[in-house]
Amino acid sequence: MGDRGGRRAGSPPLAAWTGLRRMPPGRTVLVLVGGLALVTAVNAIGFCLLAASTPQALRNVRSLQDLVGDSPPDPAPRAEGPPLGDVRAVALGDSTAAGTGNRPLPDPSDLDRACDRSADSYPQALARANDWNVLNLACSGATVRDGILGAQILGEQVAPLQIAQAQRAAAASVVLVSVGANDVRWSDLVQLCAISPSCDDRASTAYFQDRLARFALDYRRLLRILATLPQHPTVVVNEYYDPFGADVSCLADEGLTRQKAEVLSSRLAALNAVLRQEPRRPVSRR
């Protein structure tokens, strides 16, 4: 069977070659030239059609996700514990939401102390202004991976996943998010800038761009998980303020000049640009 199949497979080229050998030389040349011209024309038409349609198809591609598509979002993990039905808003994030450095909470838990949560944090101000019960899960040093979507190690304590705790507030209509500075190692970048002759050297720039790219992927995943919350809350994403004013002479002793401050401000603007990226569902920003 294999031998006969092999002979059949090779018979068309053999038959064609035999047929060509029986033709006059002039006619053989015409047949070969005509066949080559036909194949070339078909390939050219296909290439032109592809070239004409490709720019239109790629015009709406803005990212790798647009090109290859998204995988289904991971569901938000659930935390053990009773539901918190009276919570109107939930705050997720880092020290900017925890209010680190301000007055401590009047009756803090061990986790409140470990996370440096303050009575002067903006979630607490929101609670006072609207007479709401606001659940502040933010923790100093938190990132998307280690804090919001993953556990955060705080010395001898472990802060549970913020997103899981947020699931307990099933009636919350608002989720506040402040994250990104720790993901890009902002404090390390400032310290490195202060002791370096300049802040825009190739090494530090490449380091920042790598950290920012990683954060962009983590942040997109966070937004997709927030979109799966069953209560469908409004998500408010806070950008970072620029800590450098017009006069930075007070920072000269720390090694920060106006030129260095401008470099750091540009990187902060790049971080805020990532925070403004469009998710699948509308998100408010402050």
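Modeller: With contact, which means heavy atoms within 4.5 Å. Helices are DSSP runs of H or I with at least four residues, strands are runs of E with at least two, and both are numbered from the N terminus. By that naming, what covers the buried residues of H8 includes H9 and helix H10 (258–275).

Colleague: What kind of model is this, and how are residues numbered?

Modeller: It is a predicted model, in which local features need pLDDT of at least 70 and side-chain atom pairs count only at pLDDT 80 or more, while totals for chains, interfaces and linings use all residues. Residues are numbered from 1 along each chain as its sequence is written, and side-chain values use heavy atoms, with hydrogens and water left out.

Colleague: How many helices and strands does the protein chain have?

Modeller: The protein chain has 10 helices and seven strands. Of contacts between residues at least 6 apart in sequence, 73% join residues at least 24 apart.

Colleague: What does buried mean, and what share of the residues in the protein chain is buried?

Modeller: Buried means under 20% relative accessible area, exposed means over 50%, and partly exposed is in between, using a 1.4 Å probe and protein chains only. Buried residues make up 35% of the 286 residues in the protein chain.

Colleague: Which residues of helix H8 are buried?

Modeller: In H8 (residues 186–195) they are Trp186, Leu189, Val190, Cys193 and Ala194. Viewed down the axis of H8, these buried residues fall within an arc of 135°, so they line one face of the helix. The arc is taken from the directions from the helix axis to the C-beta atoms. The face turned away from the buried side of H8 carries the exposed residues Gln191 and Ile195.

Colleague: How do I describe two packed helices?

Modeller: Two packed helices are described by the angle between their axes and the distance between the axes. Axes are lines fitted to C-alpha atoms, for helices over the stretch in contact, and angles run from 0 to 180 degrees between N-to-C directions. H8 and H10 pack at an angle of about 160°, with their axes 10 Å apart. That makes H8 roughly antiparallel to H10. For the wording, angles under 35 degrees count as roughly parallel, over 145 as roughly antiparallel, 65 to 115 as roughly perpendicular and the rest as oblique.

Colleague: Which residues of H8 and H10 meet?

Modeller: Trp186, Leu189, Val190, Cys193 and Ala194 in H8 meet Lys260, Leu264, Arg267 and Leu268 in H10.

Colleague: At what angle do H9 and H10 pack?

Modeller: The angle is about 15°, and the axes of H9 and H10 are 10 Å apart. That makes H9 roughly parallel to H10. On the H9 side the residues in contact include Phe208, Leu212, Phe215 and Tyr219, and on the H10 side they include Arg267, Ala270 and Leu271.

Colleague: How are aromatic pairs read?

Modeller: Rings of Phe, Tyr and Trp (its six-membered ring) pair if their centres lie within 6.5 Å; planes under 30 degrees apart count as stacked, over 60 as edge-to-face and the rest as tilted. A search of the whole structure finds one aromatic pair. Phenylalanine 215 and tyrosine 219 form this stacked pair, with 5.5 Å centre to centre and 25° between the planes.

Colleague: Where do phenylalanine 215 and tyrosine 219 lie?

Modeller: An α-helix has 3.6 residues a turn, so residues three or four places apart point the same way. Both phenylalanine 215 and tyrosine 219 lie in helix H9 (residues 202–226), four residues apart, about one turn of the helix. Both are buried.

Colleague: What should I know about phi?

Modeller: Most residues other than glycine have a negative phi. Aspartate 131 has a positive phi of about 55° although it is not a glycine. Aspartate 131 lies in the loop between helix H6 (122–130) and S2, and is exposed, with a relative accessible area of 73%. Arginine 185 also has a positive phi, of about 60°, and is not a glycine. Arginine 185 lies in the loop between strand S5 (174–178) and H8, and is partly exposed at 37% relative accessible area.

Colleague: Is cysteine 139 buried or exposed?

Modeller: At 1% relative accessibility, cysteine 139 counts as buried. Cysteine 139 is found in the loop between strand S2 (134–136) and strand S3 (152–154). Not counting residues up to four places away in sequence, cysteine 139 touches residues including Gly93, Asp94, Cys115 and Gln162.
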